[in-house]
Amino acid sequence: MTTMAQVICGLARRWCFGALGSPLQVPCLQALPLHLGRTATRASQRDLENAVHQVKLWKKDPGNEVKLKLYALYKQATEGPCNLPKPGMMDLVNKAKWDAWSALGSLPKETARENYVDLVSSLSAASEPPSPAKPAADGEQAGGDLVVTSENHITTITFNRPAKKNAITTQMYQDIMLALQAASKDDSVLTVLTGNGEYYCSGNDLTNFTDIPPEGPEEKARTNAILLREFVDCFIDFPKPLVAVVNGPAVGISVTLLGLFDLVYASDRATFHTPFGPLGLSPEGCSSYTFPKMMGPSKLSRTKVGSRAGEGGCQSQATVSLQGRGLGQLVFLKAAEMLIFGRKLTAQEACAQGLVTEVFPDSTFQKEVWTRLRAYTKLPPNAVRTSREVMRSKGRERLHAVNAEECGALQQRWLSEECTSAVVRFLSRRGKL
Ligand SMILES: CCCC/C=C/CC(=O)SCCNC(=O)CCNC(=O)[C@H](O)C(C)(C)COP(=O)(O)OP(=O)(O)OC[C@H]1O[C@@H](n2cnc3c(N)ncnc32)[C@H](O)[C@@H]1OP(=O)(O)O
């Protein structure tokens, strides 16, 4: 049975998507705050347009009552008194809007315009789009190495060690797991990971390898493998859409995990680097499975090849290479170049390979991405969740198996001479040893 609350929620969602085509309205004009934020001047048509634009940027849903007020005032300001026939009782959305508009009676257009602008102005302060976190003067932002916020049905987990390029400490792995656990149960529709400052994340903090317990390095490798496996499992099993807002360069595990995300939005300043070869490591985050899957031969760009190009023909590089390697041999060239040889991709390249959903100019990145995400939170949450589950459930068992295998390989790698000398090189160059 549909309850009244459900009907109202449904109304709110439909309005947010502009089912009725314009900003919403007011049953009782006298209740509106007049002249807030402006004094003696009358509101112009330009003021009205600016106010409409402002409403689109609001991050907080102002609620149905305000939306109705805005709708009615806008209609009155642009079309005058309501002279439409009254919608039927069952046409709930249109009836509510008709009621609100009709309640304005013969209010002059100019006054309606003014009231609309004043109402928006009074509500705007509370609805500014979130500004990207900025490092404090000493390079570290208050709030710890990980900042978790929840607003407007979006839970945001922010790497917050800008002075260390947001490298992930052992404590941060634990805290991210806790944050994901909480986000899976809160009322958020989306869970976002992002970074504060210049970097998205520089991957595993390489000093994590330095605190060897009395039992020796084998014990350290064993506990790290358990931690990594549990950490990646949290992403595999996470029940809601995961979004990466990649504000800058991404390295190591912060890149490999992206294969488990649903949306990856990147600034054109971002790069994607998995330097496992140079570090004596092997892939993690299920990337040995997800990357070849997303970057497989069918995804490679088509390139003119030899004399065939002269005949007007094109062949993909993959096709050519595969022919050279023998029939039936599947070689995932791009994934191999990244994961084995440590080739760094630009945001555009990563997008072409399917690792990134969309690239935005850095200057408008935050504004565009958060506006998009806020719009997505207005979708019916149960439908979003169901679609995601249907898409994800089939591969989950496989991902767990891949994760276990990758962690087993890494446990050995961490004990290898190749890996220890690479970490020592990095740390000694920075005077950490
Ligand atoms: C238990 C689970 C294990 C999961 C395993 C995951 C595998 C990976 O994630 S592999 C990838 C590991 N990450 C790296 O190899 C990146 C190492 N860092 C760098 O190469 C460079 O720092 C940089 C390219 C990210 C930035 O270079 P830039 O010259 O601009 O800045 P720096 O002066 O080097 O860095 C500033 C500051 O930050 C510290 N730092 C940066 N990244 C890390 C890191 N990953 N671990 C530890 N510390 C890092 C760097 O030491 C500097 O610190 P100081 O100012 O104190 O010297």
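Ground rules first. Residue numbers start at 1 in each chain and follow the sequence as written. Because the model is predicted, local features need pLDDT of at least 70 and side-chain atom pairs pLDDT 80 or more, while totals for chains, interfaces and linings use all residues.

The overall count. The chain holds 17 helices and eleven strands. These are DSSP runs, numbered from the N terminus: helices are H or I with at least four residues, strands are E with at least two. Of the 433 residues, 35% are buried. Buried means 20 or more other C-beta atoms within 10 Å of the residue's own; exposed means 12 or fewer; partly exposed is in between; C-beta atoms are placed from the backbone.

Now the six-stranded sheet. It is open, mixed in pairing, and ordered β1-β2-β3-β4-β6-β11. Strands pair if DSSP finds at least two bridges between them. β1 (146-151) and β11 (358-360) are the edges; each has a single partner strand, so one side of each has no neighbour in the sheet.

Look at the β11 end. β6, residues 263-267, runs parallel to β11, and three bridges join them. Tyr265 has Glu358 in β11 as its bridge partner.

Helix α6, residues 170-185, lies across β1, β2 (154-159) and β3 (190-195). Its angle to β1 is about 10°. Axes here are lines fitted to C-alpha atoms, for helices over the stretch in contact (C-beta atoms within 7 Å, placed from the backbone). Angles run from 0 to 180 degrees between N-to-C directions.

Next, the three-stranded sheet. It is open too, with order β5-β7-β10 and mixed pairing. β5 (250-251) and β10 (345-346) are its edge strands, each pairing on one side only. β7, residues 271-273, pairs with β10 in the antiparallel sense over two bridges.

What surrounds the ligand? A shell of 22 residues, the closest being Ala167, Ser202, Gly203, Asn204 and Gly252. A residue is near the molecule if its C-beta atom, placed from the backbone, lies within 6 Å of it. Helix α7, residues 217-237, gives the most, with three residues.

Last, one residue. Asp99 sits in helix α4, residues 92-102. Asp99 counts as partly exposed because it has 16 C-beta neighbours inside 10 Å. Asp99 and Leu68 are 31 residues apart in sequence, yet 9.3 Å apart in space, C-alpha to C-alpha.

Notes: Two residues are in contact if their C-beta atoms, placed from the backbone, lie within 7 Å.
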